[in-house]
There are 2 protein chains.
Amino acid sequence: MSLIIVGTVAFDSIETPFGKAERVVGGAALYGSIAASHFTDQVKLVSIIGGDFPQAELDYMANRGIDQEGLQIIKDKKSFFWSGKYHNNMNSRDTLVTDLNVLADFDPVLPESYKNAEYVMLGNLQPEVQMRVIDQMNTRPKLIILDTMNFWMDIAMDALQKVIAKIDVLTINDEEARQLSGEYSLVKAAEKILKMGPKYLIIKKGEHGALLFHEDKIFSAPALPLAEVYDPTGAGDTFAGGFAGYLAMTNDISFENMKRAIIYGSAMASFCVEKFSNERLKEVDEVDLAARMQRFVELSKFDIEAMAGA
Amino acid sequence: MSLIIVGTVAFDSIETPFGKAERVVGGAALYGSIAASHFTDQVKLVSIIGGDFPQAELDYMANRGIDQEGLQIIKDKKSFFWSGKYHNNMNSRDTLVTDLNVLADFDPVLPESYKNAEYVMLGNLQPEVQMRVIDQMNTRPKLIILDTMNFWMDIAMDALQKVIAKIDVLTINDEEARQLSGEYSLVKAAEKILKMGPKYLIIKKGEHGALLFHEDKIFSAPALPLAEVYDPTGAGDTFAGGFAGYLAMTNDISFENMKRAIIYGSAMASFCVEKFSNERLKEVDEVDLAARMQRFVELSKFDIEAMAGA
C-alpha cells in the first residue's frame, strides 16, 4: 500500500558527547521515508528543500523507491537548518539555531498520484500545514499517523486539537502526553487523548521504549539498551517511519500488528542512533534488521508458568 | 528453600499528592518479607525494632509464616523512623526526617536455624552490616541478593565494593548504576559492575520497568502503567522480596527463571504502590496475583513473523 510521508528534509549541525557533525542531512521526512523504505517501495515524500540540498542524497532516496513528486525544490533559497547540542545524558538538548528558510513558506501540494494513498504519516509540522495535507486527500486514508511536539501545544493548541481530531494514531513523548492531557499518569493521559480523536496513542519514551494505547489495551515495547548512542537526532522520526512502513507493507492495522510495527520501528530507531545523520540507516540490510529484531524478541521474552508451589 | 531477609522494619510518615500517612509501618525487610511470603513460608526475618512497634503487625507477619527469631526487639527504645514527601511526579522525594533510633546499634545476629539458608536477601543497610550477615553463614548460600543506594556510594564506597564482591545479584536503580560504574550507558555500566563480583545485575527503573543483565544477556521487564500511584514507598523492596521469594520457592536460579522472578517481583510492586504502607499487600491473594501476572504477559507479548513482503 502507498504511504505518504510529510515533513522536513533539512540540514542539521549536531554536537553530542561523542563528536560533532556539521550540516549533515536530516529532517523528519528524510529519516521517516528512509526507515519506511526498508519495508515498502511505495513511499511518497512531501517536503520542501532549497537549491543547496545535495543531489546525491535525493538520488539515494530515489534509488530506495521514495517518490519525490511531492518534493518542492526552491532553487534560489536555502533548506531548513537546525543546530543543537545534546547534554551528557543524551535525553535533553539545547537548540542553538533554527533557520526556517524554505520551511517558512511551506504549503504542501499533493500530486494527483498521491491523493488516494491508504497510509499517511504527518511528521512534526505546524498543525495547520498537517491539516492541509489531510484536506487534499481524495479519499479518507485507511490510517493517518501524526507526530507533533510541545512547541505546538504551547502556541497553537486549538489548531493542534483540530488536526488531532482527524487522525488515527498520535505519536508523542511522555511529557507531551502529560501536557496535552493535563494528567500526570500516562494511563489517565491516554484515556483523555483517546477521547480527542485518535484510536491509537503511541507514547515514545526514548531509552525506556514506547507504550501503545488502544481502547483499554496497553502494549509496552522495550528499547534496546545500547552501549553507545552517538546521536539521538531523528530516532523518533525513524521509529515513526519504520512503524508506518511496516503497516503499509502488511496492510493490517489490528492492535496485534501495530505491536509488531512498533518493534520494527524501534529496531530501525536503534540503528539510527548508532551514527550521525542517516549514515547507519544507509548501511542496514535485511539481515541486519532480522538480527536486530531477534534481539528485541530475546530482550523481552519470558514464560510464566502456573505457580505450583504458591 | 529458606530465604533470609535482612533490613529495616520501621515507621514511615509519608506525604504524596494523594494524601498523608502518619507513622505507618514500613522498612525494606517488612515490605520484602511480606512480598516473599506470597511465594514461600520459609522467610526468615533479620531486623531490629523498638518497643513501640505494633504487635498486630508482628502477628500478621507471623501468620504469613515469617520467622521472627532473628528480629531483635529493644523494648525501651524506639523503632527506626523515616519521613518523606514525594514531588508531583512521584519519581523524586525529599527526606524530611531520619531518626535512626534502634538502627544506630544494629548488629545482626543470625540464629543457628538461619545459618544454612540457601537464599539471602540483604536489604539496603550500611555495607559493613550487610557483610556481617554473610560472614555468619555456615555455608555459602546458593544465592545472595543485595540492595543498596547512592548514599553508601557517597560515604562508604570501599566497604560497599567489598560486600558487592561477595554477592550474586545486585539491585540498584539507573542513577546508582551510573554512579557505581562511572559509565552513563547502562550497557557499559552493567559490564563494569558484573566484573565487580555479582553474576546478575538488576537495574530498577521505577515506572519504566527493570533491566536484568547476566553475562552478555539482557532482559527488559516492563512496569505496569497504573492510573494512580498512591505511594511509591517500599516498591523497590517489595520488588526485591517478590523476586527473592519466587526464586526460593522454585529453587531455580537460571536466567530464564530470574526473568520470571522479575515479573513476579514487578507484579508485587505494582500492588504495593496502590495504597499507603503495606495495606494493599495485605489484601492480595493468589487470584489477584495470577490476574496481575496475566496483565504483564499481555502488556509485553508480541509475535514477530518473517517479513514476507520486505
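This is a predicted model: local features need pLDDT of at least 70, side-chain atom pairs count only at pLDDT 80 or more; totals for chains, interfaces and linings use all residues.
**A walk through a two-chain model**

A residue is buried if 20 or more other C-beta atoms lie within 10 Å of its own, exposed if 12 or fewer, and partly exposed in between, with C-beta atoms placed from the backbone. Helices (H or I, at least four residues) and strands (E, at least two) are DSSP runs, numbered from the N terminus.

Residues are numbered from 1 along each chain as its sequence is written, and chains are lettered from A and ligands numbered from 1 in the order in which they are written.

Leaving aside neighbours within four places in sequence, A:Ile145 is in contact with A:Val120, A:Met121, A:Leu122, A:Asp168, A:Val169, A:Thr171, A:Ala240 and A:Ala244. Contact means that the C-beta atoms of two residues, placed from the backbone, lie within 7 Å.

A:Gly245 is buried, with 30 other C-beta atoms within 10 Å. Its contacts, again leaving aside neighbours within four places in sequence, are A:Leu3, A:Ala35, A:Ala36, A:Ser37, A:His38, A:Phe39 and A:Thr40. By contrast, the C-alpha atoms of A:Gly245 and A:Gly197, 48 residues apart along the chain, are separated by 22 Å.

Now for the strands. Strand E4 (residues 43-50) of chain A has 8 of its 8 residues buried, so it is largely enclosed by the rest of the structure. A:Val43, A:Leu45, A:Ser47 and A:Ile49 point one way from E4(A), while A:Lys44, A:Val46, A:Ile48 and A:Gly50 point the other way. Strand E1 (residues 3-6) of chain A runs parallel to E4(A), joined by 4 bridges, and A:Val6 stands opposite A:Val46. E4(A) also pairs with strand E5 (residues 67-74) of chain A, in the parallel sense over 6 bridges, with A:Ser47 opposite A:Leu71. Two strands pair if DSSP finds at least two bridges between them.

In chain B, strand E1 (residues 3-6) is covered on both faces: B:Leu3 and B:Ile5 on one side and B:Ile4 and B:Val6 on the other are all buried. E1(B) pairs in the parallel sense with strand E4 (residues 43-50) of chain B over 4 bridges, where B:Ile5 stands opposite B:Leu45. Another 4 bridges join E1(B) to strand E8 (residues 119-122) of chain B, also parallel, and there B:Ile4 stands opposite B:Val120.

Chain B also holds an open sheet of 4 strands in the order E3-E2-E6-E7, with mixed pairing. Its edge strands, E3 (19-26) and E7 (93-99), each pair on one side only. Within this sheet, strand E2 (residues 10-16) and E3(B) pair in the antiparallel sense over 6 bridges, and B:Ala10 stands opposite B:Gly26.

Finally, how do the two chains meet? The contact takes 33 residues from chain B and 33 residues from chain A. On chain B, H11(B) gives the most to the side that touches chain A, with 5 residues. By class, that side has 19 nonpolar, 8 polar and 6 charged residues; Ala, Val, Leu, Ile, Met, Phe, Trp, Tyr, Cys and Pro count as nonpolar, Asp, Glu, Lys and Arg as charged, and the others, Gly among them, as polar.

Chain B can be laid on chain A with an RMSD of 0.0 Å by a turn of 180° and a shift of 0.0 Å along the axis, which is the relation of a two-fold axis. Copies are superposed by least squares on the C-alpha atoms of residues with pLDDT of at least 70 in both. The same surface serves both copies, as 100% of the contact residues of chain B recur in chain A. Of the residues of chain B, B:His208 comes closest to the rotation axis, at 3.0 Å (C-alpha).
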